[in-house]
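The following paragraphs lead the reader through one protein model. Please keep the sequence and the structure in view while reading.

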Amino acid sequence: MDTIKNLEKTLWATADKLRNNMDAAEYKHVVLGLIFLKYISDSFEELYNQLKEDSLSDEEDKDEYMAQNVFYVPPTARWNYLQYERAKLPTVGKDIDDAMDAIEKENPSLKGVLPKDYARPALDKKRLGELVDMIGNVGFNQKGHSSKDLLGRVYEYFLGMFADAEGKRGGQFYTPESIVSLLVDMLEPYNGRIYDGCCGSGGMFVQSEKFLKAHGGRIGDIAVYGQESNPTTYKLAKMNLAIRGIDAKIELGDTFHNDRHQDLKADYIIVNPPFNISDWGGEQLQDSHLWKYGVPPVGNANYGWLQLFINKLSPTGTAGIVLANGSMTTNTGSEGEIRKNLIQQGLVDCMVALPTQLFYNTQIPACLWFLARNRTNHKFRNRSNEILFIDARKLGSMTSRKNKALSSKDLAQISEVYHNWRNIGGNYEDVQGFCKSATLKEVEENNFVLTPGRYVGTEEVEDDGISFEEKVAEITSNLTSQFAKSIELQETIKKNLLRIGIEV
């Protein structure tokens, strides 16, 4: 694992060095497009060599590749041709653009997805050739799946590094891995339909696939649906999921105004919508069928998102949604009333307060809303009169000067509390300062505020064996001693001043 991490860091340092003066937001598409091209070329070559050895197969028959869910790569788009015959030529940019065009023509599912701007004059062709060489060496000493898995890891790592390099804009396409992991670990999407209506570069789906593999499941047990409004981010998602072999139905469009999955009822919703957006076109949706619990204010989409996702849940579906902390307490417009209705209708299952500095794009404190359509269903215990509150603000550790991440231990601590509380026969206990299972009556007494800190109380201080009286006596003794020393010091200063003729 350390070897892979070192490789990732080395590749990033090399790629960043080759960036020269290009903006990270622009350079991202150059690098990630090449990693994708290398990946599909490696996948093609692996199957190509197998077919070549089979006398009954034709290694250039496109149907052979389609049958095994492998993209067909034409001869002039294959990585070896580009790296060893074109990378040192001044026309390398045009050659890569032509390769991307050729791949899209042969594979309709990639139409309009691949970047094709490598020939532009602003892109240094010598550095581009060096970048081709660098990426060409990823997985050079590994064969087949090991090489492809490594390329998938590198793609994911680079997504995160570009998000960090871009700062605020980077958060538009990337949710930090530890937050995605927490959502997936808590919801446990073993099988069924998974939906993300603001899917960015597809991280929620990648993490769901990892979860399945880690627990012995199969990627075929889940069906993936997503939507993204930003065209360039949509392309990143399509490439990211293709690298993982995830057959996802990702659509381009505004989820509120052009819902491309209108009839979908999802078993799991895992989503990080943009925080507190005011320009979501709420004024055009005042009569929407979505607002079963109240019409959200036009100046903030938070309660619009919550209701849109509730509408997408299957009868036993569950959702994990990242929102700004303000969503737990706000009474702006109708928000307080909507929150009250969601609570009273039994939709709110669990609230998690997150540490600060987890996001690349904002310092706004965030929380996780876990919603459940039916909290009395047989899969879990009946918790219809309770809400679990988890205050995780003290967890996480710094990974850079600006950002924190939740460790695997942190993730396990939070998700295990939720599972123990939710599951039949779970061994759940309230922990002062960390978690509390509150009744709906308690929540009502707190004016339907959902901030975990309101319920979990302050953390218990470990007993050090010294009585209260002894501590007071010790503090008093220390203060008396300090006061006596102060008087003594004042007398010494006065004597010294009198000695040199200064009266005080």
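In this predicted model, helix 11, which covers residues 302–312, packs against helix 12, residues 335–344, at an angle of about 30°. The axes of the two helices lie 11 Å apart. Because angles under 35 degrees count as roughly parallel, helix 11 and helix 12 are described as roughly parallel to each other. Their crossing is left-handed. From helix 11, the residues Tyr303, Leu306, Gln307 and Ile310 take part in the contact, and they meet Glu335, Ile338, Arg339 and Leu342 of helix 12. Sorted by class, the residues of this contact comprise five nonpolar, one polar and two charged.

A second pair of helices is formed by helix 9, residues 203–214, and helix 10, residues 231–244. Here the packing angle is about 15°, and the axes are 9 Å apart. With that angle, helix 9 is roughly parallel to helix 10. The crossing of helix 9 and helix 10 is right-handed. On the side of helix 9, Gly203, Phe205, Val206, Glu209 and Lys210 are involved, and on the side of helix 10 they meet Asn240, Leu241 and Arg244. The residues of this contact divide into three nonpolar, two polar and three charged.

Helix 10 also has a contact with helix 2, which spans residues 24–53. The axes of helix 2 and helix 10 come within 10 Å and cross at roughly 25°, so this pair too is roughly parallel. Helix 2 passes helix 10 in a left-handed crossing. Helix 2 contributes Lys28, His29, Leu32, Gly33, Ile35, Phe36 and Tyr39, which meet Thr232, Leu236, Met239, Ala242 and Ile243 in helix 10. The contact of helix 2 with helix 10 contains eight nonpolar, three polar and one charged residues.

Asparagine 385 is located in the loop that lies between strand 7 (366–372) and strand 8 (386–391). Is this residue buried, exposed or partly exposed? Asparagine 385 has a relative accessible area of 44% and is therefore partly exposed, since that class lies between the limits of 20% and 50%. Apart from its neighbours within four places in sequence, asparagine 385 is in contact with Arg375, Ala438, Thr439 and Leu440. One of these, threonine 439, is 54 residues away along the chain, yet the C-alpha atoms of asparagine 385 and threonine 439 are separated by 5.7 Å.

The cysteines can be considered next. A search of the whole structure finds zero disulfides. Cysteine 199, accordingly, is in no disulfide, and the nearest cysteine sulfur, which belongs to cysteine 198, is 8.3 Å away. Cysteine 199 has a relative accessible area of 4% and is therefore buried. Cysteine 367 is likewise buried, with a relative accessible area of 0%.

Finally, the chain may be viewed as a whole. Its secondary structure comes to 16 helices and eleven strands. The protein chain has 504 residues, of which 51% count as buried. Among the contacts between residues at least 6 apart in sequence, 72% join residues at least 24 apart.

Technical notes: Residues numbered from 1 in each chain as written. Predicted model: local features only at pLDDT ≥ 70, side-chain atom pairs only at ≥ 80, totals over all residues. Heavy atoms only, no water. Helix = DSSP H or I, 4+ residues; strand = E, 2+ residues; numbered from the N terminus. Buried < 20%, exposed > 50% of the residue type's maximum accessible area, 1.4 Å probe, protein only. Contact = heavy atoms within 4.5 Å. Axes fitted to C-alpha atoms, helices over the stretch in contact; angles between N-to-C directions. Parallel < 35°, antiparallel > 145°, perpendicular 65-115°, else oblique. Left-handed = near helix turned anticlockwise from the far one by under 90°. Nonpolar A, V, L, I, M, F, W, Y, C, P; charged D, E, K, R; others polar. Disulfide = S-S within 2.5 Å.
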